[in-house]
Amino acid sequence: MTLKLKKIAETIQTGSKIAILPHTSPDGDCLGSSFALSLALKKLNKEPLVILEEDVPQLYSFLPGSDIKTMDVLSKGMFDMVICLDCGDERRLNNRIEIFNDCELTINIDHHISNTGFAQYNYIDTQSAATGEIIFDLLEELNVAIDKEMAENLYVAISTDTGGFKYSNTTSRTHIIVSALIQKNIGVAEINRRIYDTFSLDRLKLKAAAINLIEMHQHNKVAMIVLDYHLLQRMGMNMEDVDGLSGIPRSIEDVEVGVVFTEKEPGQVKVSFRSNQYVDVSKIAVSFGGGGHQRASGCTLNMDMDEAVKKVLAAVKDEVTQGAVKS
């Protein structure tokens, strides 16, 4: 059932013990949105818990409310409501699907065009640049005044999903919302320094290695980087270190689609798609069981790297060819 945001707010008001479930491999939008909502629900005398399967990435560990819980502290029947945030489908809950299925009242709040509407109550606004924009409006419906800590979380949510307000999903409404958040005296310069201008030496070395591995295809309209498991192990890298590399191939002049293949472990490949003007990469991601946005999407393939590259590259080339004809 798809509801208006006011009805979602009214439904949330009926809950008491509430599980907030961001998607697995959480990014800035789902974490910032989740922490902001959790802080707001506490003001309403609710008992929210943000539940992850992983630790909060180091990049976002400074966010207020990042004292999350993991699966090992939970028990059956612990919650009367589950709210999934920024999660395109139930598969991205991974093992936390048990919490979702155990709860009678489930809510799904998201902005991805590929969202499957998997909950009992769904609010999907594909016009919002980030789930953080939706949570900003939801807090107003809940009559919760946004404080500095909530504002910091929502700023990070919106900023990261718009690429620091550079991506095409950035709207005038985005800037209006961010203006209201900045008025809460958040440390914009320090937040931006942490998110965009602070790197470990090892991560910079990985970025250098990734640049050296760029391959060009389709008359330089497609650029890709392949990071295999052995390379990441040799450099002592993990998946958190790889985050942020997906924009590199797209940044090359004349490239329409950039693709980064990351072998999480032998036989499991994460694929990140980015496009510039006319290719809807969410269609490609969905065809491989993933999802996301028109200009930024991803999927995970259970196959070896050579097979993943062959299949994905063929699909990307087809979309680039068709898109070039239409444009």
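Author: Below we go through strands, cores and aromatic rings, one feature at a time. This is a predicted model, where local features need pLDDT of at least 70, side-chain atom pairs count only at pLDDT 80 or more, and totals for chains, interfaces and linings use all residues. Residues are numbered from 1 along each chain as its sequence is written, and side-chain values use heavy atoms, with hydrogens and water left out.

Reader: Let's start with strands. Which way do the side chains of β5 point?

Author: In a regular strand, side chains alternate between the two faces of the sheet. Here Thr-106, Asn-108 and Asp-110 point one way from β5, and Ile-107 and Ile-109 point the other way. Helices and strands are DSSP runs numbered from the N terminus (helices H or I, at least four residues; strands E, at least two).

Reader: And how many residues of β5 are buried?

Author: Five of the five, so β5 is largely enclosed by the rest of the structure. Buried means under 20% relative accessible area, exposed over 50%, and partly exposed in between, with a 1.4 Å probe and protein chains only.

Reader: What does β5 pair with?

Author: Two strands pair if DSSP finds at least two bridges between them. β5 pairs in the parallel sense with β4 (residues 81-85) over four bridges, and with β6 in the parallel sense, also over four bridges. Cys-84 stands opposite Asn-108 in β5, while Ile-109 stands opposite Tyr-123 in β6.

Reader: Now the other sheet: in what order do its six strands come?

Author: The order is β7-β8-β9-β10-β12-β11, in an open sheet with mixed pairing. β7 (215-217) and β11 (291-292) stand at the edges with a single partner strand each, so one side of each has no neighbour in the sheet. β11 runs antiparallel to β12 (residues 296-301), joined by two bridges, and Gly-291 has Gly-298 in β12 as its bridge partner.

Reader: What about cores? Which residues have the most contacts inside the largest one?

Author: In soluble globular proteins, nonpolar side chains tend to be buried together. A nonpolar core is a set of buried Ala, Val, Leu, Ile, Met, Phe, Trp, Tyr and Cys residues joined through side-chain atoms within 4.5 Å. The largest one here has 50 residues, and Ile-8, Ile-12, Leu-37 and Leu-138 have the most contacts inside it. Helix α2 (residues 28-43) gives the largest share, eight residues. Apart from that core lies another of 24 residues, among them Val-259, Met-303, Met-305 and Ala-308.

Reader: Can we zoom in? What does Leu-138 touch, leaving aside its neighbours within four places in sequence?

Author: Contact means heavy atoms within 4.5 Å. With those neighbours left aside, Leu-138 is in contact with Leu-5, Ile-8, Ala-9, Ile-12, Leu-37 and Ile-109.

Reader: Last one, the aromatics. How many aromatic pairs turn up in the whole structure?

Author: A pair of rings is described by the distance of the centres and the angle of the planes. Rings of Phe, Tyr and Trp (its six-membered ring) pair if their centres lie within 6.5 Å; planes under 30 degrees apart count as stacked, over 60 as edge-to-face, and the rest as tilted. The search finds two pairs. In one of them, Phe-100 and Phe-118 have ring centres 5.5 Å apart and planes at 55°, so the pair is tilted. Phe-100 is in helix α3 (residues 97-102), and Phe-118, 18 residues apart from it, is in the loop between β5 (106-110) and β6 (121-124).
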